Amino acid sequence: MYRYTDFDEAFVRTRVAQFRDQVARRIDGSLTEDEFRPLRLMNGLYLQLHAYMLRVAIPYGTLNPDQMRQLAMIADRWDKGYGHWTTRQNIQFNWPKLEDVPDMLEALADVGMHAIQTSGNTIRNVTADHFAGAAADEIADPRPVAELLRQWSTDHPEFQFLPRKFKIAITGSPNDRAVTRAHDIGLRMVRNDAGEAGFEVIVGGGLGRTPMEGKVIRDFLPRADLLPYVEAVLAAYNLMGRRDNKYKARIKITVFENGIDSFHDAVEANFAKIRPRFTGVDQEILTAIEAQFAPPVFADRPEAPFDAAYATDPVFRAWADTNLAAHKAPGHAIVTVSFKAPGATPGDATSDQMRALADLAETYGYGELRISHEQNVILPHVHKADLPAVHAALKSAGIATANVGLVSDIIACPGMDYCALATARSIPIAQEIALRFEELQVEHEVGPLKIKISGCINACGHHHVGHIGILGLDRAGVENYQITLGGDHTERFAIGEKTGPGFPAEGIVPAIERLVLAYLDLREHREESFIETFRRLGMAPFKAALYDSEDRADAA
Amino acid sequence: MSRAFTPKVVTANRLLEGDAVWLTEDDRWSPDMAQAELIDDEAHAAIRLLHAQGQRDLVVGPYLADARAGTNGPEPVHFREAFRTRGPSNYAHGKQVEL
């Protein structure tokens, strides 16, 4: 994993000192809120409904055990003993006090972390496949490139005042777990006909009030051209992007309004100018970064303890069947630790759970942890022989829920329980859906199904790309929930379609239940998943299940 | 005929803690909405908001929120304002346990 250089360390410490001074001057009245607000946002500090919120960057979702323990310490010392994993692989603390924030940032700097560029119209934290470096289906670990992008984009003078925020996602795998088609720039590692590794570059994707699928602007970009090309895209956007209307300022609108061809021409013209300025220093830096991401030496030993537990312990078996993924190294597995226990807040982790994860990563996981955009935590490298012990420890920590990829593994943004932008609550809807399906005992029968909930049109909960998406709105002073179907965040990217009128809070859980039970009737066989059934049959039968029942009165 | 004025309260977030507070008749910022001054005159509401906006070392983002008279004092009209008087629904945190 990447370790801060003296330069990184000095940069982050300087920023903490600057912010400490800015907070002091805000408190003593020398700075007005109008002056202070952009300064606090540069450092990830928001003011929400009930308190401040500090959003801490977890670059490409990767943490080491010391960092995880420090997050636990921060949660205990300056917050309410927990943190919230976000859909951008970050962590948010919901209750900091203004005067404590400089100390929190100092504590983050102690473990090579910060909250820089987690807000504002800048290049945000670069996100990556949460199985990076471990997945069996991967061309290469995308994180060295993500780290290079982080270094290049941090405090980049040309890109501190973009028309709007800018999000980059990267994956090294053909199976897209990083939602690359819904990012301002999506990067997919591919190989050309000669077998060389490069990138497919996608621009102009995004969710929010105008969801758009990104368009391929280069189907093969050589690795060495990455930084100059991304810089060329940003430079084109910086000039062509609209600044007159906040809602039309993202690159997706720039690409849509100008057309991909003319945007492409502007990028290529920039690229021709910029490319010669990159003389190879970036590639030297990348080589040095890559050395720090060298895979661990994977142990070669028998898997017998796994087979024994799998054969005899049904609870372990259920967990292994849902929460493990194929690892590239023989005898190993990728563990997804679910933070979606039915009734719990999606993505919330207590400080004790964080410490338990840090211990597990240290003892069994080669010292690595990941945060997924689906608000779970990943132990990317665990030998199968150690899985029974890992499962037992997770059980003691209350995080052994066997539901990854199932109905109750719901993405939910904080919604109006915390967020100042929200138009309705998300968390209670997620809690109630998960509890209802636990009661029905059909979750494993239903199989893979992604429900994603956003509490406003900004779509932090990725509802557009949920197989079932739920959007919370304020309709005439009442919370109302609109359903979309058929969304997909993967390489089979699709934006969900609205079903029709929304449902009030008390009607949304029965509505979701009708949809899922209808799927069980409609599927051709057990192996046909919800999304496959939707793709085969389209909206009509699901719409009928939602609206043609005796519960029609629920629809508003 | 002009439209009837919906009564208002002045509310904001406290600078240091960030929690929701309401302006009282005697110019305090209270964490309890019931203690807020219920304003039923549009011109007076504008004056009270200006007063609040002048208190920039105490509060952030003051605004007028719809309210109605209740048995113990002003009560929220919109659900967002109701949440601000209580705290989040997923944990017993915030005003629902602190007040």
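1. Chain A and chain B touch through 21 residues from chain A and 21 residues from chain B, where a contact is two residues whose C-beta atoms, placed from the backbone, lie within 7 Å. The chain A side that touches chain B divides into 9 nonpolar, 5 polar and 7 charged residues. For the bookkeeping, Ala, Val, Leu, Ile, Met, Phe, Trp, Tyr, Cys and Pro are nonpolar, Asp, Glu, Lys and Arg are charged, and the others, Gly among them, are polar.

2. Keep in mind that this is a predicted model: local features need pLDDT of at least 70, side-chain atom pairs count only at pLDDT 80 or more, and totals for chains, interfaces and linings use all residues. Residues are numbered from 1 along each chain as its sequence is written, while chains are lettered from A and ligands numbered from 1 in the order in which they are written.

3. On to a helix pair in chain A: the axes of H16 (residues 505-522) and H18 (residues 540-547) come within 9 Å and cross at roughly 135°. Helices (H or I, at least four residues) and strands (E, at least two) are DSSP runs, numbered from the N terminus. Axes are lines fitted to C-alpha atoms, for helices over the stretch in contact, with angles from 0 to 180 degrees between N-to-C directions. That angle makes H16(A) oblique to H18(A); under 35 degrees is roughly parallel, over 145 roughly antiparallel, 65 to 115 roughly perpendicular and the rest oblique.

4. Who meets whom there? From H16(A) come Ala511(A), Arg514(A), Leu515(A), Ala518(A) and Leu522(A), and from H18(A) Pro541(A), Phe542(A), Ala545(A) and Leu546(A). The residues of this contact of H16(A) with H18(A) split into 8 nonpolar, no polar and 1 charged.

5. One open sheet in chain A has 5 strands in the order E6-E7-E8-E9-E10, with mixed pairing (strands pair if DSSP finds at least two bridges between them). E6 (127-128) and E10 (215-222) of chain A are the edges, each with a single partner strand, so one side of each has no neighbour in the sheet. E6(A) pairs in the parallel sense with E7 (residues 168-171) of chain A over 2 bridges, and Ala128(A) has Ile170(A) in E7(A) as its bridge partner.

6. Another open sheet of 5 strands in chain A runs E1-E2-E5-E4-E13 with antiparallel pairing. Its neighbouring strands are turned by 30° against each other on average, direction ignored. Inside it, 2 bridges join E4 (residues 82-85) to E5 (residues 91-93) of chain A, with Ile91(A) in E5(A) as the bridge partner of Trp85(A). Helix H12 (residues 351-364) of chain A lies across E4 and E13 of chain A, at about 80° to E13(A).
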